[in-house]
Amino acid sequence: LFVKFGRVLLEDSRCIQLADILHGSFPAPKLPYGQSSIAKIQFVTDIKSNSYQSIHLSNFCENDRAHSNQILNQLQPNDLIIRDLGYFVINVFRQIEKRSAYFLSRYNMPALLYNMGSGEEIDLVKELRKLDHKGVKNIDIEVLLGKKEKYKIRLVAFKLNKNQSKIRLNHAIKSRHNNKTLSERAKYLSTWNIFITNVAKEEWSTNQVYQAYSFRWHIEMTFKNWKSYFKINEFVKTCIGPNPARPEIILNLCMTFLTIDFVPKFNYYFKLILNEYNKYLSPFKFVDYLFERFDFWPNSSEKSVLEILSRYCCFEKRKDRKNHFEKLFTFS
């Protein structure tokens with residue numbers, strides 16, 4: 001699925017609670033009991049090498065859209081960047097392509113679409129309803145994106161099942177600001193997964209577009225690992241003074257440990273266990289083992305270590321679904 005690309009970069013952000021005294025530097029929405037302080041972590045990782053590419057601690061008020069163009073500073077030719085619609089900026093998509101790189105993103109509903117041939121505006125809801133009526137579950141077309149930009153992209157949409165549509169709709173309703181009602185157009189579009197990309201049909205089939213985007217879950221898994229197992233949120237909250245540099249220093253120290261210790265060890269044993277036992281090492285279970293033997297370092301002669309990891313620290317094989325790494329290594 002990703003053999004064409006040099007790196008496959010995932011970017012996302014996560015909010016992290018800080019001591020209230022840091023509100024001046026990291027302001028957050030006012031709470032009933034007073035002011036609070038929240039920072040936002042902007043994170044980029046490469047899933048092909050399972051390595052961290054960049055991390056940035058920003059103000060909660062700096063939304064993902066404002067940070068969208070920062071990826072341009074680290075892009076290399078033939079990179080693929082996968083991001084959610086929070087980073088949706090048409091000019092940035094154009095700049096990514098100018099750098100001979102690729103993108104895959106969720107479609108942001110307010111952005112206008114135009115017919116490639118006639119240049120007329122496309123009523124996306126109308127077109128998708130036609131597909132619904134015919135029982136067609138997906139669409140894969142080239143369109144022009146943006147009223148001013150008229151940027152040529154590939155638009156791919158997949159119809160959600162009833163359960164998925166209900167979950168998506170409930171999430172959309174809860175995400176509305178100031179109790180604003182959700183328009184009928186937005187409600188209908190929430191029943192579809194809609195993506196845009198500059199990866200050609202010759203490289204990815206319609207279904208492969210969906211498969212590729214599903215790997216964005218890898219970054220969610222990384223965030224969960226940080227919070228639930230490495231307790232990074234709790235480390236950063238220990239900064240109870242007014243100095244805004246302190247939480248950033250703590251965060252960088254945590255990332256240093258992860259980058260030079262945890263990730264290399266995980267990657268080392270992951271490959272050994274996959275080759276010898278055909279099993280996939282779980283990053284969550286590996287953390288527990290790492291904390292039990294904090295001082296150990298990779299050594300291929302430690303047969304006992306491999307046996308322990310393969311027995312107790314791997315994903316269980318399931319018939320109903322594949323684990324994340326199994327999908328990554330078996331998709332073609």
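The charged end of K224 sits over the ring of F284, 5.3 Å from the ring centre. A charge counts as sitting over a ring if NZ of Lys or CZ of Arg is within 6 Å of the ring centre and within 35 degrees of the ring normal. K150 likewise lies over the face of Y114, at 4.1 Å from the centre of that ring.

This is a predicted model, in which local features need pLDDT of at least 70 and side-chain atom pairs count only at pLDDT 80 or more, while totals for chains, interfaces and linings use all residues. Residues are numbered from 1 along each chain as its sequence is written, and side-chain values use heavy atoms, leaving out hydrogens and water.

The structure holds 30 aromatic pairs. Rings of Phe, Tyr and Trp (its six-membered ring) pair if their centres lie within 6.5 Å; planes under 30 degrees apart count as stacked, over 60 as edge-to-face and the rest as tilted. Two edge-to-face pairs are listed below.

| Pair | Centre to centre | Angle between planes |
|---|---|---|
| F88 and Y107 | 6.3 Å | 80° |
| F230 and F291 | 5.6 Å | 85° |

F88, in the loop between β4 (80-83) and α2 (90-98), and Y107, in the loop between β5 (102-106) and β6 (113-115), are 19 residues apart. Both F88 and Y107 are buried, that is, under 20% relative accessible area, whereas exposed means over 50% and partly exposed in between (1.4 Å probe, protein chains only).

F230 lies in the loop between α7 (217-229) and α8 (232-236), 61 residues apart from F291 in helix α10 (residues 283-292). Helices (H or I, at least four residues) and strands (E, at least two) are DSSP runs, numbered from the N terminus. F230 is buried, with a relative accessible area of 7%; F291 is partly exposed, at 40%. Ring pairs link F230 and F291 into a cluster whose members include F257, Y268 and F325.
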